[in-house]
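Hello,

Here is the structure I said I would pass on. My notes on it follow below.

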Amino acid sequence: MKKNEKLYEGKAKIVYSTDDPELVIQFFKDDATAFDGIKKGQISGKGVANNLISCHLFSLLENNGIATHFIKKLSDNEMLVRRVKIIPVELVVRNVAAGSLCKRYGVPEGQVFSEPIVECYYKNDAFHDPAMNDDHIIRFNLANADELSTIKATALRINQILKEYFDSIGIILVDFKLEFGRYNDQILLADEISPDTCRFWEKGTNRKLDKDRFRFDLGEVKEAYTEMLCLMLKNRQRTK
């Protein structure tokens, strides 16, 4: 698949057009940002890890009935995906208290919720991705009621699949961010699922294996991303 002009460059990825107007290439960068872009850096090998992890998880979800934009891996840093129109609402699913939730509500880090919490945020860098409720989303015409119901239900189904999967490889899925896009008459899971967009803790120790190691200068950032990738690849070999 030929890579043509650059369509978009974000904090972690570049999107390129292809000869097929329905398909684009996502290139994963080593760039890292945190705290709304205030902290910036580079994590060697992050792009490769995030791409390979995302390819693996999108395939897992597809095999469990979740429609995604993913077509196939093109290279270590690139995947071929359907060209969707992103719905500007980010969903965050939380199974365990961490991050901004603890700051906002005074909940102790590590508190396990009896049921997952689903939060919505306006995907807009200019306004710093503020939290939104259903009324905001519908009244601002970001998504209609049926679309919102669909993406929330899909997010919970994804959470169920991924929680079980990560539990099987010794990882707690603390929380994660999802983005969805419109493709013809479908709503597809889009973007990525990786240590950039998820919080992963090692079972038994709660050792962080995600971008929090970069956010809070915990060290061994590259090693954490690589460890997550190796755990998944090892599990894939074991289950073949």
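Directly after helix α1 comes G65, which has a positive phi, near 90°. Please keep in mind throughout that this is a predicted model.

Helix α1 itself covers residues 46–63, 18 residues in total. From the first C-alpha to the last, α1 reaches 26 Å, close to the 26 Å expected at 1.5 Å a residue. The helix is mostly covered, with 14 of its 18 residues buried.

N50 has a relative accessibility of 1%, and because buried means under 20%, N50 counts as buried. The side chain of N50 makes a polar contact of 3.5 Å with the side chain of S194. Setting aside neighbours within four places in sequence, N50 is in contact with F28, E192, S194, P195, D196 and Y225.

The other residue I noted is R213, which sits in helix α5, residues 212–215. R213 is buried but has no salt bridge. The nearest side chain of opposite charge belongs to E220, at 4.3 Å, whereas a salt bridge has to be within 4 Å. A polar atom of the R213 side chain does lie 2.9 Å from the backbone oxygen of K208. Again leaving out neighbours within four places in sequence, the contacts of R213 are R207, K208, L218, G219, E220, V221 and A224. E220 is therefore in contact with R213, though without a salt bridge to it.

Regards

How values were computed. Residues are numbered from 1 along each chain as its sequence is written. This is a predicted model: local features need pLDDT of at least 70, side-chain atom pairs count only at pLDDT 80 or more; totals for chains, interfaces and linings use all residues. Side-chain values use heavy atoms; hydrogens and water are left out. Helices (H or I, at least four residues) and strands (E, at least two) are DSSP runs, numbered from the N terminus. The expected span of a helix is 1.5 Å times one less than its number of residues. Buried means under 20% relative accessible area, exposed over 50%, partly exposed in between (1.4 Å probe, protein chains only). Lys and Arg count as positive and Asp and Glu as negative; His and the chain ends are not counted. A polar contact is a pair of N or O atoms within 3.5 Å; within protein, one must be able to donate a hydrogen and the other to accept it, and residues adjacent in sequence count only if both atoms are side-chain atoms. Contact means heavy atoms within 4.5 Å.
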